[in-house]
Amino acid sequence: MNSHDITIAGYLAVLGLGVVLQLLATRSRVPVPPLGDVLSRAMRSRTGRVGILVAWAWLGLHFFAR
Amino acid sequence: MGSSRRGRQPRSPHHPPWGAEGSEAGSGAAAEAAVSAARPGPRVFALLAGFRHPIVAILLAIAFFTAISGKPVDGVLMLIAAVSLAWDAGRRAGDDGGGAVTDEGPPATGAAAATATAPGVAAPGAAAPGIAAPGEPVPGEPMPGVAAPCVSYPGEPAPGVTAPGEPAPGVTAPGEPAPGVTAPGEPAPGVTAPGGAGPGVADSGAAGPAGGARGLAGARRRVWRWRKVLLAAALLAGGAAYAGVVGSFIRYSWPATAAIIGLGTVVVMIGWRGPVRRRQVPGRLPIAGTAVWGLLFVAGCLWELAALLKQPTLTTTSYAHPTVSTLTDPVLANAGGRSAMLAAWLAVGWYLVRR
């Protein structure tokens, strides 16, 4: 396993853990909130709402814009 | 858009739009503004306090790393957003002087009006450590009269209490047909309309006044449903057209940049005004479970950052340590891939703006 594979494995691990957490939140009684609830909670304030939307806009800029 | 420069005045239910706020300024408020302008010290400190907000710090970090990785336009835009947010948070903190904390935005209209929190009412929720900025929820503080949990977790109090800005059970948004609530002129369930037939009897009162009102209410509901369907179809068509057209532009070209910046700006401005619809907001979340999400997010960011820093230079990609951008390059190299990714980006934006 080289560095390339390890780096990709790290991304996949983060992604997989996110899926597991979401499944735990929605399919079990483990006290983990679904990601949607976390986002809703974070977006209750203007700073949180705007900050998350700016982060979303940045994703578009990063991948498509100059 | 934001709160005024002056100290916040108590709002009446008929408070004018934010832009018209100056027209109702009393002489006291004007004098207060003059005094504030003459003493910039506390205001400057309040503005600087806005930079202590975690989200502002994250945006500043994004701006820095984006700029040094060869994307100065992105970096400058992120910097503008972070400074604007810090300025707004700090200004609201300064205006309120740490008094009543409100989760306020501009006056909401239509369905969004249902989410507006009453003035002078604190909103529970997450907030910046050490910053009690108005408009920021206070962590762990139940709100007088309006506590929030709409979603319960093991060990959490049961729901049944309405969140701030949330309508009480049985209350519907303007223009929405209420479940279990009869429309004006419509007879209540189980009640026979005057001149109408009883339960189980064919309704022969369509020609009567009650039947006419019932027919009118039904027609209104049908029109309302059709409007929703048409709006959804228009949004889907618009999104598909946007993804198709912008995806056809060369990556990193100025037309693509302008299209992304334009849409991003519109969405952020909409978000700045507040929620676009009445929505259910969860109450206090389990701390450990929420922290796990936070740790996962931080771990993902650090992994990406490590890959970025292990590149030969910040602007030269590395096969051994690919960033997410490097990994997605093959997909985004063709128009179809770009359009698909743009559609996904739009869907996420639509999901977020409705939160």
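Between chain A and chain B the count is 1 salt bridge, while 21 residue pairs, both residues at pLDDT 80 or more, are in polar contact. A polar contact is a pair of N or O atoms within 3.5 Å, where within protein one must be able to donate a hydrogen and the other to accept it, and where residues adjacent in sequence count only if both atoms are side-chain atoms.

On the side of chain A that touches chain B, the elements giving two or more residues are helix H1 (3-27), helix H2 (35-42) and helix H3 (46-64) of chain A, and H3(A) gives the most, with 18 residues. Helices (H or I, at least four residues) and strands (E, at least two) are DSSP runs, numbered from the N terminus. The residues of this side divide into 26 nonpolar, 14 polar and 7 charged, where nonpolar covers Ala, Val, Leu, Ile, Met, Phe, Trp, Tyr, Cys and Pro, charged covers Asp, Glu, Lys and Arg, and polar covers the others, Gly among them.

Before going on, a word on conventions: residues are numbered from 1 along each chain as its sequence is written, and chains are lettered from A and ligands numbered from 1 in the order in which they are written. In this predicted model, local features need pLDDT of at least 70, side-chain atom pairs count only at pLDDT 80 or more, and totals for chains, interfaces and linings use all residues, while side-chain values use heavy atoms, with hydrogens and water left out.

How many residues of chain A are in contact with chain B? There are 47 of them, and they are in contact with 86 residues of chain B, contact meaning heavy atoms within 4.5 Å. The two chains bury about 6000 Å² between them, with 69% of it on carbon and sulfur atoms; buried area is the accessible area (1.4 Å probe) that two parts lose on being put together, summed over both. In chain A, Arg46(A), Trp56(A) and Arg66(A) lose the most area to chain B, together 16% of what that side buries.

Turning to the chains themselves, chain A has 3 helices and 0 strands, and 56% of its 66 residues are buried, which is to say under 20% relative accessible area, with exposed over 50% and partly exposed in between (1.4 Å probe, protein chains only). H2(A) is mostly covered, with 6 of its 8 residues buried, among them Asp37(A), Leu39(A) and Arg41(A). The buried residues of H2(A) pack against H3 of chain A, and also against helix H7 (287-309) and helix H9 (335-353) of chain B.

Chain B, for its part, has 9 helices and 0 strands, and 35% of its 355 residues count as buried.

Finally, where in chain B is Phe51(B) placed? Phe51(B) lies in the loop between helix H2 (40-50) and helix H3 (54-68) of chain B, and, with a relative accessible area of 32%, Phe51(B) is partly exposed. Not counting residues up to four places away in sequence, Phe51(B) touches Val56(B), Ala57(B), Leu60(B), Val83(B) and Ala86(B). Phe51(B) and Leu85(B) are 34 residues apart in sequence, and from C-alpha to C-alpha they are 8.4 Å apart in space.

Terms used: A salt bridge is a side-chain nitrogen of Lys or Arg within 4 Å of a carboxyl oxygen of Asp or Glu.
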